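This briefing covers selected local features of one protein model, grouped by topic. Please look over the sequence and the structure before reading on.

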Amino acid sequence: DSVKQTVFFFAVYLVIGRMATAIAPPMDISPKQKELSPTKRITQMADGFTTKAYMKNVKVTPPPKAGAFFERPSKPTDFRKFYDRGDFPIALEHDTKGNKIAWKVEIEKLDYHHYLPLFFDGLCETTHPYEFFARQGVHDMLEHGGKKILPVIPQLIIPIKNALNTRNPTVICTTLKVLQHLVVSAEMVGEALVPYYRQILPILNIYKNKNLNSGDGIDYSQQKRLNIGDLIQETLEAFEKHGGVDAFINIKYMVPTYESCLLN
């Protein structure tokens with residue numbers, strides 16, 4: 001009987017001890033004690049889709065960003081080299097309305113096969129005075145070029161593509177304004193650009209919906225024509241209007257979300 005009583009009291013003691021342990025609040029452990037504790041769990045980092053990623057106490061690192069909107073610095077342009085060497089017949093003229101280019105020769109007499117691709121190459125520039133001379137020089141030559149522009153179109157595609165591929169918002173906006181001017185600069189220029197849509201439009205497809213959601217605020221970039229999404233829409237509409245019958249189907253192939261401004 002004494003043995004049974006001893007076993008009984010020992011069992012009761014174990015039950016009461018377990019209940020007390022479950023009810024009692026956990027003891028606070030200092031950070032140093034946690035660091036020194038041998039039972040501490042160490043979280044390790046592992047790449048996704050690896051064998052280590054399936055282990056316990058392992059945190060999977062998130063995938064890296066694709067970088068579609070990251071700026072890509074351009075290489076030194078030929079425009080900068082020619083300008084520093086003094087090969088362009090231009091000078092800076094200060095006017096009451098702002099700066100403008102003082103051409104040392106008549107624009108109509110320039111060799112467009114030589115100068116127009118160089119000025120388009122300068123669209124990648126972002127520093128003064130290269131940026132100003134390239135942008136203003138392109139607009140001046142397109143304004144006075146006339147029939148000289150159409151034969152030069154194939155030489156302009158690579159500079160345009162390089163400028164868009166910088167993914168610099170300022171450079172992209174400048175290039176889009178130049179493209180809008182280019183398609184109306186002379187007859188058949190818009191149609192001559194249609195075979196080159198595959199080089200020009202992929203970047204436009206990436207940035208087409210890049211608009212600022214300002215709620216009820218004012219987006220002053222719209223007034224200054226610096227909103228990339230709006231400029232791309234205007235450019236695509238200009239391509240469709242002046243690109244002939246095949247323009248829309250080629251634009252739709254490269255920019256699937258574009259809707260016709262003529263058919264609807």
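**Ile 172 and its surroundings**

Ile 172 is in contact with Leu 164, Arg 167, Tyr 207 and Ile 228, leaving aside its neighbours within four places in sequence. The model is a predicted one. Ile 172 belongs to helix α7, and at 2% relative accessibility it counts as buried because the limit for that class is under 20%. The C-alpha atoms of Ile 172 and Leu 123 lie 9.0 Å apart in space, while the two residues are 49 residues apart in sequence.

**Packing of α6 and α7**

- Helix α6 spans residues 153–165 and helix α7 spans residues 169–183; their axes come within 9 Å and cross at roughly 155 degrees.
- Angles over 145 degrees count as roughly antiparallel, and α6 and α7 are therefore roughly antiparallel to each other.
- The crossing of α6 and α7 is left-handed.
- On the α6 side, the residues that meet α7 are Ile 153, Leu 156, Ile 160, Ala 163 and Leu 164.
- On the α7 side, the residues that meet α6 are Val 171, Ile 172, Thr 175, Leu 179 and Leu 182.

- Asp 140 is part of helix α5, which covers residues 130–145.
- Asp 140 is buried but has no salt bridge.
- The nearest side chain of opposite charge to Asp 140 is that of Lys 100, 8.9 Å away.
- Not counting residues up to four places away in sequence, Asp 140 touches Ile 101, Trp 103 and Ile 107.

**Backbone features in loops**

- A cis peptide bond runs from His 128 to Pro 129, with omega near 5 degrees.
- Pro 129 sits in the loop between α4 (112–121) and α5.
- Phe 49 is not a glycine, yet has a positive phi of about 60 degrees.
- The loop between β1 (44–46) and β2 (58–60) holds Phe 49, and at 86% relative accessibility Phe 49 counts as exposed.
- Met 188, also a residue other than glycine, has a positive phi near 70 degrees.
- Met 188 is located in the loop between α7 and α8 (189–192), and at 48% relative accessibility Met 188 counts as partly exposed.

Definitions and conventions: Residues numbered from 1 in each chain as written. Predicted model: local features only at pLDDT ≥ 70, side-chain atom pairs only at ≥ 80, totals over all residues. Heavy atoms only, no water. Helix = DSSP H or I, 4+ residues; strand = E, 2+ residues; numbered from the N terminus. Buried < 20%, exposed > 50% of the residue type's maximum accessible area, 1.4 Å probe, protein only. Lys, Arg positive; Asp, Glu negative; His and termini not counted. Salt bridge = Lys/Arg side-chain N within 4 Å of Asp/Glu carboxyl O. Contact = heavy atoms within 4.5 Å. Axes fitted to C-alpha atoms, helices over the stretch in contact; angles between N-to-C directions. Parallel < 35°, antiparallel > 145°, perpendicular 65-115°, else oblique. Left-handed = near helix turned anticlockwise from the far one by under 90°.
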